[in-house]
There are 2 protein chains.
Amino acid sequence: MIDLDAYLSECRDLTLNEIKSIIPRDRRYREVLYDLMLDYPLRSAKALRPALCIATCRALGGRLESALRSAAALEMYHNAFLIHDDVEDGSEMRRGKPTLHRTHGAPIAVNVGDALLALTLQPLLDNTATIGLGPSLRILETVARMARESTEGQALELHWIRSRRWNLTDADYIRMVYKKTSWYTFIAPAIVGGIVAGRQAKELGQLRKFAALLGIAFQTQDDILNLTTEVGQYGKETAGDLWEGKHTLILMHMMRHATSQERDLAREILSKRRPAPLGSQSAPPGDPRNLSLEMERLVSEGELTTRGRARLMQSLDGTGRHDSGEKTDQDVRFLVTMIDRHESIEHARKVAAGYVAKARKALDAAAFVAPSVHRDFLESMLDFVASRDH
Amino acid sequence: MIDLDAYLSECRDLTLNEIKSIIPRDRRYREVLYDLMLDYPLRSAKALRPALCIATCRALGGRLESALRSAAALEMYHNAFLIHDDVEDGSEMRRGKPTLHRTHGAPIAVNVGDALLALTLQPLLDNTATIGLGPSLRILETVARMARESTEGQALELHWIRSRRWNLTDADYIRMVYKKTSWYTFIAPAIVGGIVAGRQAKELGQLRKFAALLGIAFQTQDDILNLTTEVGQYGKETAGDLWEGKHTLILMHMMRHATSQERDLAREILSKRRPAPLGSQSAPPGDPRNLSLEMERLVSEGELTTRGRARLMQSLDGTGRHDSGEKTDQDVRFLVTMIDRHESIEHARKVAAGYVAKARKALDAAAFVAPSVHRDFLESMLDFVASRDH
């Protein structure tokens, strides 16, 4: 079997070299912009998207060199969205280092993301000189579609979060994940690879099916791992999704099967904020978590009255929405108990396994993908999703 | 002479209809995304960019219908950046209404901006069917260049803000404004209009020169108006740029000509925060301005000690940077006095008039732009910049 890590790492090195050649070198903007654009891409990461794009292209007989500029554009797109996501979520760490907005402030971070997005267009236009007009335009249309699908998926999830909606079905989850994860991480890279290799609509449709199913399996498995893996092994705090109140298949299943009393309690817990890491002073400026910790201390030291604290909390939340406080260990334990009782993880495992099986069938049906180390990479993605523990 | 407002208003209506036809109607995403994408475009605005694109195209004999999709894409681009800027700056109002992040929260607002950006690509690809491959690709390259230039200009300005740099020359200002204002608001719309009309590099180069010079004059004039116009007439708080500490030609000139003692005091003032509007509770959640106001009140009412207040202010500013407090009326009056003493507004007026004159010369030299109501519009932009008082 193929060495997955070695394949990924080779694709990543090639993609990074390409990205470095795309980002301008003009000295006047190097320190204020270009170096910052390379920060996230150069941090340790799998770089799944470019590998999928390159592997699909080469598995279909396309040339590595023809795929590199598109692979690099997809990876730049991804890093731009990571920067914006980190600003939106007030995240502190990314790939083992402080987030860009923590080191340089939110305005610079948002602009670096916008600059990465801006620079994805020219390499995709450069394609016209190497792979021809028709394929280049179809790649641009694929990227336009990808961007639309992922912002629609994001809109759905943000709407659920803001309206605190939990009466959701597996189908709701799968629609959201199809748009947010499948299109962005799997479908677009695979289709772009196929277009570079000169393939037409029918074969691209089969690739798309495989990638869509794989993406849904991947995200569901990711949600399961978040709840079942110990700290260190998975690199995130255990059950981080529960602390965040993320809309996963698992939580939706639990909410559907809970008694109405359990559901009310769970809803109340899920609407609470995630507390800051213990003793942390490092949340972004203005993050309510910094202040609520410090206010607790001031109240206990007699420097602030509880009435004063309530008023400060209210003016913190400028939207006038009620602040329901922070989740506690007990809150999260309650959610875990409910998830266990309703066997929601088992349900998610079945769903994930079902999608892996369907994706495998879709790849098996794609006989036009001849055997090669590159096809092996696509196969091994299935095994990776089915058996991954990190 | 042409009726500038009527011309702008006609172009705006046509562009809005086009934008409405570009944004999908799928019911499942209407409320959570598409309606929000139309919010800013539908608010009252001049819509300078599409008018410039349409006027240039028609002045060169191009068809209105051929320019509309590109004009709409430019306007969508602009509205996307307005949404992102408002989030970055924590702005409260935009075009007379609350900003999108105030009504829907920052994550949804950032996503709506990303979705508008995402949807600019497809209409520019649609161009291939109407104006041909070559022009369509050149328009895409122009938009790619515009996006790169404006993020570079933005990076320069953000770097000056963050490093509190004020030893800057007219040339520094003009380079920044050429990238941020000229490329984005004038050069790209004019060149795109020219490409739609089938013009080639030489003529596009002349259009670009005109647009670049006009853009610099426009921005300089904008900065002057900010300092010289009464509330109401100009629609912003008078001297808003001084309260913000914006890097204008005027302030740079004053800083260059001030004594070292004056300069030190001015630097100290400029590094202070802008205070919240009086009695405002409406800054975005977590905005330090909400809290510092409420803390003042709590201290005066004995609910919070001054020591407690200092600690809260420190934990608000998670970057650990020193918070230098809020600007006062006296601070801003000092800046105004310095600006008067060093005749910095007069200097800016001379610079603006010089660029209007150069822009007029550039348009006069563009004999290939035949006389028409559309050329009149371009001419009247010069008069508008030279004499505008709003």
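A polar contact is a pair of N or O atoms within 3.5 Å; within protein, one must be able to donate a hydrogen and the other to accept it, and residues adjacent in sequence count only if both atoms are side-chain atoms. By that rule, chain A and chain B share 19 residue pairs in polar contact, with both residues at pLDDT 80 or more.

The model is predicted: local features need pLDDT of at least 70, side-chain atom pairs count only at pLDDT 80 or more, and totals for chains, interfaces and linings use all residues. Residues are numbered from 1 along each chain as its sequence is written, chains are lettered from A and ligands numbered from 1 in the order in which they are written, and side-chain values use heavy atoms, with hydrogens and water left out.

**The two chains**

Select both chains and superpose them by least squares on the C-alpha atoms of residues with pLDDT of at least 70 in both. Chain A is laid on chain B with an RMSD of 0.2 Å by a turn of 180° and a shift of 0.0 Å along the axis. That is the relation of a two-fold axis.

**The interface**

Next, select the residues in contact (heavy atoms within 4.5 Å): 66 from chain A and 67 from chain B. Of the interface residues of chain A, 100% are also interface residues in chain B, so the copies meet through the same surface. The buried area, which is the accessible area (1.4 Å probe) that two parts lose on being put together, summed over both, is about 6000 Å², 64% of it on carbon and sulfur atoms. Show Tyr29(A), Glu303(A) and Arg311(A), which supply 11% of the area that chain A buries against chain B, more than any other three residues.

Five salt bridges (a side-chain nitrogen of Lys or Arg within 4 Å of a carboxyl oxygen of Asp or Glu) cross the interface. One pairs Glu294(A) with Arg311(B), at 2.7 Å, N to O.

**Helix H3 of chain B**

Helices here are DSSP runs (H or I, at least four residues), numbered from the N terminus. Select residues 48-59 of chain B, helix H3. Buried means under 20% relative accessible area (1.4 Å probe, protein chains only); 11 of the 12 residues of H3(B) are buried, so this helix is largely enclosed by the rest of the structure. Its buried residues, including Leu52(B) and Ile54(B), pack against helices H1, H4, H9, H10 and H18 of chain B. Gly61(B), with a positive phi near 90°, follows H3(B).

Notes:
Helix = DSSP H or I, 4+ residues; strand = E, 2+ residues; numbered from the N terminus. Expected span 1.5 Å × (residues − 1). Buried < 20%, exposed > 50% of the residue type's maximum accessible area, 1.4 Å probe, protein only.
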